[in-house]
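This report describes selected side-chain features of one structure. Please look at the sequence and the model before reading on.

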Amino acid sequence: MNATLIRNAKVSPDAFGELYEAFYDNLYRFVLVRVKDQSLSEDLLSQIWEKVLTHLRTLKSNEPEVFRAWIFRISLNTIHEHFRGSNKTLVPFPEDFDPPGPNEPHEELKENTLGEAVTLALQGLPPLERE
């Protein structure tokens, strides 16, 4: 790979295809090692290549080392975005959910059998350890 290929890939679909072929295997291994899932790796790779295609013209340098660092940074950021987003699963409250008022959790805890067990266990501790 050379600077000419990178420069041409910015304007030519054929040259972009060559760039894709030159980097696909290395990027695939890079992603697979980090996510450990073949299907997810392929999905993330499609996102990565879409970002590369969308933003390649904004890359100021045509140097292979700069391109390589840039594409691997996009890959790492895409992996991080995926896992950061996957932790944000919303779970709806049941329709009959009635949140306790500001003083009610303590009373609710007393009614709960687990709460009773915890209360009994706390009473068995020395006063300094109860706090």
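A polar contact is a pair of N or O atoms within 3.5 Å; within protein, one must be able to donate a hydrogen and the other to accept it, and residues adjacent in sequence count only if both atoms are side-chain atoms. The model is predicted, so local features need pLDDT of at least 70 and side-chain atom pairs count only at pLDDT 80 or more, while totals for chains, interfaces and linings use all residues. Residues are numbered from 1 along each chain as its sequence is written, and side-chain values use heavy atoms, with hydrogens and water left out.

**Ser75.** A polar side-chain atom of S75 lies 2.9 Å from the backbone oxygen of I71. S75 belongs to helix α4; helices are DSSP runs of H or I with at least four residues, numbered from the N terminus. With a relative accessible area of 0%, S75 is buried (buried means under 20%, exposed over 50%, partly exposed in between, with a 1.4 Å probe and protein chains only). Apart from neighbours within four places in sequence, S75 is in contact with L27, F30 and I48, where contact means heavy atoms within 4.5 Å.

**Salt bridge.** A salt bridge requires a side-chain nitrogen of Lys or Arg within 4 Å of a carboxyl oxygen of Asp or Glu. The count is 1 salt bridge. K51 and E81 form a salt bridge, with their closest N and O atoms 2.8 Å apart. K51 is in helix α3 (residues 38–55) and E81 in helix α4 (residues 64–86), so the pair ties together parts that are 30 residues apart in sequence. K51 is partly exposed at 23% relative accessibility, and E81 is partly exposed at 41%.

**Aromatic rings.** Rings of Phe, Tyr and Trp (its six-membered ring) pair if their centres lie within 6.5 Å; planes under 30 degrees apart are stacked, over 60 edge-to-face, and the rest tilted. The whole structure has 7 aromatic pairs, including the two tabulated here.

| Pair | Centre to centre | Angle between planes | Type |
|---|---|---|---|
| Y24 and Y28 | 6.3 Å | 10° | stacked |
| F67 and W70 | 5.8 Å | 45° | tilted |

Y24 and Y28 are 4 residues apart in helix α2 (residues 13–35), about one helical turn. Y24 is partly exposed at 24% relative accessibility, whereas Y28 is buried at 17%. F67 and W70 lie in helix α4, 3 residues apart, and both are buried. Ring pairs also link F16, Y20, Y24, Y28 and W49 into a cluster.

Definitions and conventions. Helices (H or I, at least four residues) and strands (E, at least two) are DSSP runs, numbered from the N terminus.
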